[in-house]
Amino acid sequence: MVAESRLDCLKAMGIEVWTPRRTLLNEQSPEPLSQAPLAADERDLGMGQPDWPALQEQVKQCSRCSLHETRTQTVFGVGDPEAAWMFVGEAPGEQEDLKGEPFVGRAGQLLDEMIRALDLTREKVYIANVLKCRPPRNRDPSPEESRACEPFLLRQVAWVKPSIIIAVGRIAAQNLLKTQTPIGKLRGMVHDYQGTPLVVTYHPAYLLRAQTEKRRAWEDLKLARRTVDSLR
Ligand code: SF4
């Protein structure tokens, strides 16, 4: 289903789609990424239209921001590159940096539980981060780092073509939606990310500290499930 009709379908089902004023990255063009000309940043990468292994290699070799100096390894993503569900977090933490995989450790286990609650598995979804390298001491990504890394995520989304994106946590949501709006106000509605429906939920690391918010996270996942089902 092409992006526009997918969003029209959601609106027809009574699911309100919140459309940002500007599209991500390719701000000069309202076209979906797959049809849009490469943004300047992407041309800088010399990426053209790389296939999946070539994109992985581009990330592995990347030195577009200073995080390449401190990383153990890049964390490209994991799962099915043709998945209908794509989860996007903020950046690798210490364990992810060591293992080369996003969302490991206790937070990763909780994300796995959230995925299982959707009758899915880690292998059947795709999981990535806004940043592919760990910021030292797990600090928030800087705007420059996010900008430098965005073309990789855009290419991943264009390749996977998910039916829905789940923005996991405040930092991921604010980066993807180009907003400073608090996460509490971004939840509970369907956003538009380059023509793909996007739902925001809490980061599992936060849910481990705030167990009572798990109920809200489940509401987010149910909204995402309804959104996907309405597109069938
Ligand atoms: Fe490159 Fe992204 Fe790593 Fe920066 S965070 S070095 S842009 S892969």
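Q: Which part gives the largest share of the lining of the largest cavity?
A: Keep in mind that this is a predicted model. To read a lining, ask which elements supply its residues. Here helix H6 (residues 143-160) gives the largest share, four residues. In total, 15 residues line the largest cavity.

Q: How many cavities of 30 Å³ or more does a search of the whole structure find?
A: The search finds two. The largest cavity holds about 100 Å³ of space.

Q: Which residues lie nearest the centre of the largest cavity?
A: Look for Cys62, Cys65, Arg71, Cys133 and Cys149. They lie nearest the centre among the lining residues.

Q: How does the lining of the largest cavity divide by class?
A: Sort the residues into nonpolar, polar and charged. The lining has nine nonpolar, two polar and four charged residues.

Q: Which residues are around the ligand?
A: Walk along the chain and pick them out. Cys62, Arg64, Cys65, His68 and Arg71 are among them. Lys132, Cys133, Ala148 and Cys149 also belong to the residues around the ligand. By class, this shell has five nonpolar, one polar and three charged residues.

Q: How much space lies in the largest pocket?
A: About 610 Å³ of space lies there. The largest pocket is lined by 27 residues. Closest to its centre are Glu90, Ala91, Asn138, His203 and Ala205.

Q: How many aromatic pairs does the count come to?
A: The count comes to five. Read a pair by two values, the distance between ring centres and the angle between planes. Take Trp52 and Trp159: their centres are 6.0 Å apart, with 35° between the planes, and the pair is tilted.

Q: Is Trp52 buried or exposed?
A: Check the relative accessible area; under 20% counts as buried. Trp52 has 10%, so Trp52 is buried. Trp159 is partly exposed, with a relative accessible area of 38%.

Q: What kind of aromatic pair do Trp85 and Phe87 form?
A: Use the angle again; planes under 30 degrees apart count as stacked. Trp85 and Phe87 have 20° between the planes, so the pair is stacked. Their centres are 6.4 Å apart. Both Trp85 and Phe87 are buried.

Q: Which residues do ring pairs link into a cluster?
A: Follow the pairs from ring to ring. Trp52, Phe76, Tyr126 and Trp159 are linked into a cluster.

Q: What is worth noting in the phi of Phe103?
A: Start with the general rule. Most residues other than glycine have a negative phi. Phe103 is a residue other than glycine, yet its phi is positive, near 55°. Phe103 lies in the loop between H4 and H5. With a relative accessible area of 5%, Phe103 is buried.

Q: What is the phi of Asp119?
A: Asp119 also is not a glycine, and its phi is positive at about 65°. Its place is in the loop between H5 and strand E4 (126-129). Asp119 is exposed, with a relative accessible area of 69%.

Q: How far apart in space are Glu145 and Lys132?
A: Glu145 and Lys132 are 13 residues apart in sequence and 9.8 Å apart in space, C-alpha to C-alpha. Glu145 is in helix H6. Glu145 is buried, with a relative accessible area of 5%.

Q: Where does Val157 lie?
A: Val157 lies in helix H6. Val157 counts as buried, at 8% relative accessibility. Val157 and Ala128 are 29 residues apart along the chain, and 9.7 Å separates their C-alpha atoms.

Note on methods
Residues numbered from 1 in each chain as written. Predicted model: local features only at pLDDT ≥ 70, side-chain atom pairs only at ≥ 80, totals over all residues. Heavy atoms only, no water. 1 Å grid on protein atoms, 1.4 Å probe; cavity = no way out; pocket = protein on both sides within 12 Å on 5 of 7 lines; lining within 4 Å. Points joined across faces, edges and corners; volume = space filled by probe spheres on them. Helix = DSSP H or I, 4+ residues; strand = E, 2+ residues; numbered from the N terminus. Nonpolar A, V, L, I, M, F, W, Y, C, P; charged D, E, K, R; others polar. Near = heavy atom within 4 Å. Phe/Tyr/Trp six-rings, centres within 6.5 Å; stacked < 30°, edge-to-face > 60°. Buried < 20%, exposed > 50% of the residue type's maximum accessible area, 1.4 Å probe, protein only.
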